[in-house]
Every structure is written in structure tokens, then in C-alpha cells.
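Today I am looking up a few residues, one at a time. My notes follow the structure.

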Amino acid sequence: SSKPIKESLKCLYDFRCQICGDVILRTGWNKDLSRANQWVYLNADVHHILPLSKHGPDKRANMLCLCPSCHRKFHTGEFELKEINNKITCVDQLLGHKKVVNQKHPIILF
């Protein structure tokens with residue numbers, strides 16, 4: 001997958017999970033660093049909504065910026081994306097919780 005596209009998506013969301021809002025900090029991060037230097041110490045995953053292995057496009061519209069925990073929940077099937085009331089929503093298939101996805105870029109549901 002395209003590293004530049006993934007990194008641009010992480011930057012768009014300031015490495016913040018689009019589902020839960022968490023930011024993963026690495027050792028060395030502190031609030032006094034410049035914004036650019038803070039990014040060196042942040043971590044986020046990029047999830048392909050339709051996996052590349054299933055011929056999903058390697059485009060931003062097929063990607064989410066996630067924390068590792070939310071990313072895992074998509075891969076186990078606990079989380080699923082649905083359009084509800086014209087909003088992209090993450091539905092927890094086990095607990096029934098629903099959360100509107102933080103969306104700063106177009107997202108395509110397949």
C-alpha cells in the first residue's frame with residue numbers, strides 16, 4: 001500500500017483515531033515539541049475498508065486512521081461501517097453501540 005497516502009491520512013487526523021479519538025504517544029513525546037516534531041512520536045494505523053487482498057483501492061476514500069485497538073476490532077468483525085442517517089457510522093456488532101465516524105475526507109462504503 002502507498003506509504004505517502006497513509007502518512008497524509010494520519011497527518012489529516014493528527015494521528016487521532018477516527019472512531020474513539022485516541023492518540024497513541026511514543027516514548028519521547030512531550031507537549032513542548034513543535035507540531036512537526038510531535039508527529040515523530042505519534043502512532044496510528046491505517047485500515048483499508050475494503051482490503052487490498054479483496055481488490056480494494058489504495059486510495060484515501062478506502063482508508064481510515066485508527067488506533068491499534070479499533071483497527072483490531074475491524075479485523076475481528078466486531079466493528080462494521082454502515083451509513084445511518086447519511087453519516088458514516090461505526091457499529092459494534094457485539095455490544096450494539098454506534099458512533100459517527102470523524103470524517104474529514106470522503107469515505108466510500110463497499
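First, a term I need: a salt bridge is a side-chain nitrogen of Lys or Arg within 4 Å of a carboxyl oxygen of Asp or Glu. Lys and Arg count as positive, Asp and Glu as negative, and His and the chain ends are not counted. Buried means under 20% relative accessible area, exposed over 50%, and partly exposed in between (1.4 Å probe, protein chains only).

The model is predicted: local features need pLDDT of at least 70, side-chain atom pairs count only at pLDDT 80 or more, and totals for chains, interfaces and linings use all residues. Residues are numbered from 1 along each chain as its sequence is written, and side-chain values use heavy atoms, with hydrogens and water left out.

**Entry 1: Glu78.** I found Glu78 in the loop between helix H3 (68–76) and strand E5 (79–84). Helices (H or I, at least four residues) and strands (E, at least two) are DSSP runs, numbered from the N terminus. Glu78 is buried but has no salt bridge. Its nearest side chain of opposite charge is Lys73, 4.3 Å away.

**Entry 2: Val46.** I looked up Val46 next, in strand E3 (residues 45–48). Why does Val46 count as buried? Its relative accessibility is 12%. Val46 and Leu64 are 18 residues apart in sequence, yet 5.6 Å apart in space, C-alpha to C-alpha. Contact means heavy atoms within 4.5 Å. Beyond its neighbours within four places in sequence, Val46 contacts Lys6, Leu9, Lys10, Met63, Leu64 and His71.

**Entry 3: Thr89.** Thr89 sits in strand E6 (residues 87–92). I noted it as buried, because its relative accessible area is 6%.
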